[in-house]
Amino acid sequence: MKFDSPATTNPIDRLKVVGQPVDRIDGPLKTTGTARYAYERQDVAPNAAYGYIVGAAIAKGRINGIDLAAAKAAPGVLAIVTADTAGKLDKGGKNTAKLLAGPDVQHYHQAVAVVVAETFEQARAAAQLVRVNYQTESGTFDLAAERDAAKPAKVMSDPGDSSVGDFAAAFAAAPVKLDETYSTADESHAMMEPHASTAMWEGDKLTVWTSNQMIAWGVEDLAKTLGIPKENVRLVSPYIGGGFGSKLFLRADAVMAALGSRAAGRPVKLTLQRALVFNNTTHRPATIQRIRIGADRDGKISAIGHESWSGDLPDGKPEGAISQTRLLYAGANRMTATRLAVLDLPEGNAMRAPGEAPGMMALEIAMDEMAEKLKLDPVEFRIRNDTQVVPDISEAPSADPQNAKRDNKTTTPQRPFSQRQLVECLRIGAEKFGWDKRNPQPASVRDGRWLVGMGVAAAFRNNLLTKSAARVRLEPDGTLVVETDMTDIGTGSYTIIGQTAAEMLGVPLQKVSVRLGDSRFPVSAGSGGQWGGNNSTAGVYAACVKLREAVASKLGFNSAEAEFDGGDVRAGNRRVSLADAVRDGPLEAEDRIEYGDLQKKAQQSTFGAHFVEVGVDAATAEIRIRRMLAVCAAGRILNPKTARSQVIGAMTMGVGAALMEELVVDKKVGFFVNHDLAGYEVPVHADIPHQDMMFLDETDPMSSPMKAKGVAELGICGVAAAIANAVYNATGVRVRDYPVTLDKLIDKMPAVG
């Protein structure tokens with residue numbers, strides 16, 4: 001199905017199943033422990049051996065030799081694989097570094113060997129006996145020190161720099177100016193389930209039960225890495241215990257499990273030990289961001305500039321922190337710049353809302369600082385600079401994340417947004433939160449020992465469109481089966497896909513069987529970039545349209561007139577049971593959604609507003625979140641219950657980014673020191689009060705037949721800045737270096753009265 005004109009009225013608009021807050025259909029499996037994750041596949045590999053990865057003990061250099069004698073002689077050891085014994089290996093197209101080091105080492109904890117043994121304990125013990133002789137080379141590990149050496153870089157395949165008007169002249173002439181630098185820390189995904197795989201060879205065919213967000217990408221890169229045909233690789237990933245972007249791409253667990261299985265002649269299960277999740281996989285790169293804003297005394301922005309520096313391994317990618325600044329606020333004269341430094345740290349890559357999440361952390365503090373200079377309410381300042389057209393004419397349309405080649409043509413000036421309710425989010429949120437009770441004078445509100453403050457930030461994230469396919473089958477027993485390689489990383493994919501199929505065929509949700517995460521199924525959008533929900537359901541919609549046509553034809557209906565409802569098909573005065581269409585056997589249909597050029601005609605983005613109240617201990621500078629509110633406008637909400645869970649989870653991650661999350665870099669040795677869940681702090685229940693959120697009523701016919709958009713990442717964008725702004729309102733101390741920890745406040749706190 002080609003989607004190249006805005007959606008009109010269609011069966012989804014009935015909203016009998018879609019749009020309802022139904023429970024997750026995978027919930028009972030997960031709460032009873034019967035949902036099998038990648039490391040638990042005893043059902044398919046009952047005689048599996050265990051693999052354990054040896055990670056590099058240096059950040060950069062070469063392996064001169066590996067002594068395996070003691071490890072091979074250890075009890076239970078079946079095989080040990082290194083680069084010398086693995087055979088010829090390539091690098092996956094989406095991997096920045098090789099997943100098995102040798103002879104070169106590119107980053108700390110890069111895999112150098114895998115030990116396979118009868119038990120996990122035997123594999124772990126033997127791994128400690130592997131002796132690696134390294135030749136260390138000097139590396140670069142400090143972003144600030146490498147800032148001046150950073151080079152211009154593209155953001156994905158789009159231009160990293162943009163320019164509209166004459167920013168320098170407009171900024172110099174502005175009567176009110178802001179010029180500040182902000183920094184965000186390296187952060188880890190720290191999901192509950194580590195990267196894990198169970199691999200099994202049958203002849204030259206490989207099956208890997210793994211934890212991966214993008215099945216088709218994983219198949220392609222695993223085949224490329226091992227040098228085997230894609231047709232010989234099957235990936236299965238029905239349940240994933242969190243990913244946040246770290247499982248978008250092929251990682252060492254899958255490759256090393258496959259190599260270990262081939263060497264041992266047995267299925268092998270392997271999970272990355274927690275320390276390797278931090279240093280062996282990917283992380284959100286640290287940024288340094290300079291923001292300049294010039295405005296007239298009435299609060300209208302005349303000049304806005306945003307420069308960002310980040311680092312990655314050679315041939316890596318920058319953090320696109322400037323992205324939202326091209327789209328969010330009006331201003332005739334504009335500039336953005338992206339610079340990438342070479343750092344020999346583990347790979348920097350996508351983490352929930354890459355680009356906008358760290359970019360909003362800086363931009364939305366800057367907007368508050370500018371509002372204060374102008375003596376304007378921060379909400380009002382944002383509203384005064386709203387725009388209904390794209391202000392940066394060099395901004396490319398939202399590109400298809402699954403296409404290697406991107407359309408980088410500049411877009412038409414004054415391209416409108418398909419939907420933009422930022423002002424409504426701000427106004428409704430302000431009223432609901434009681435923003436009018438905020439005292440604009442910092443450090444002026446006390447509640448016992450606590451200094452109390454409120455903060456606000458806009459939320460923004462682009463809506464990405466990508467092709468997605470599905471297969472649907474109506475069985476003689478009335479079951480509607482949906483098959484697609486879409487994944488569910490805890491986001492509710494099973495449920496909204498089931499709701500879509502139920503709505504389209506007019507059957508109860510209980511009659512739908514959803515099968516996900518298998519490369520034998522049609523290729524879907526996959527889970528990432530908040531593009532999964534809208535695109536995967538649109539693919540199911542397309543397949544269901546074909547199935548409706550097949551059913552109508554079988555029953556003698558005109559498919560354009562047929563209505564599917566209550567397990568029946570009807571048109572005019574005639575009504576026939578769906579079951580009659582499959583008395584002779586099942587009916588099956590397959591199709592995919594493909595998009596035209598609507599993105600070039602209207603910018604598709606999601607918007608919101610975050611409001612936060614904090615308390616800061618007047619004596620110790622301890623920060624406590626007191627209450628939070630998010631207001632989101634993100635197209636049709638396919639399931640308010642699962643969508644709410646996504647937003648409040650994202651808000652929680654925003655608290656972590658604001659107050660505690662920081663991978664500490666050893667700048668001499670070149671690794672993340674706090675590489676476990678004891679040293680890397682994330683919010684726990686005691687850190688999070690009641691969170692409130694609401695969705696504005698919105699549909700976007702330009703987006704898809706579902707008229708939906710993504711929402712999972714919108715919830716994190718802006719949260720950290722709202723918290724930092726609330727801390728400033730509470731204390732009068734402005735912290736521009738995340739995370740906002742008490743040591744950055746305590747020396748500047750107002751005197752205890």
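In this predicted model, the charged end of Arg 627 sits over the ring of Phe 433, at 3.8 Å from the centre of that ring. A second contact of this kind involves Arg 147, which lies over the face of Trp 309, 4.0 Å from the ring centre.

Because Tyr 39 belongs to the loop between α1 (27-31) and β2 (49-55) while Tyr 50 belongs to strand β2, the pair ties together parts that are 11 residues apart in sequence. Tyr 39 has a relative accessibility of 24% and so counts as partly exposed, and Tyr 50, with a relative accessible area of 22%, is also partly exposed.

Another pair is formed by Trp 435 and Phe 611, and it is edge-to-face because the ring centres lie 5.6 Å apart with the planes at 70°, where an angle over 60 degrees is what that class requires. This pair links distant parts of the chain, since Trp 435 is found in the loop between α11 (422-433) and β18 (446-447), whereas Phe 611 is found in strand β27 (residues 605-617), 176 residues apart. Both Trp 435 and Phe 611 are buried, in contrast to Tyr 39, which is partly exposed, and to Tyr 50, which is partly exposed too.

Ring pairs can also join into a group, and here they link Tyr 37, Tyr 239 and Tyr 494 into a cluster.

Notes. Residues are numbered from 1 along each chain as its sequence is written. This is a predicted model: local features need pLDDT of at least 70, side-chain atom pairs count only at pLDDT 80 or more; totals for chains, interfaces and linings use all residues. Side-chain values use heavy atoms; hydrogens and water are left out. Helices (H or I, at least four residues) and strands (E, at least two) are DSSP runs, numbered from the N terminus. Buried means under 20% relative accessible area, exposed over 50%, partly exposed in between (1.4 Å probe, protein chains only). Rings of Phe, Tyr and Trp (its six-membered ring) pair if their centres lie within 6.5 Å; planes under 30 degrees apart count as stacked, over 60 as edge-to-face and the rest as tilted. A charge sits over a ring if NZ of Lys or CZ of Arg is within 6 Å of the ring centre and within 35 degrees of the ring normal.
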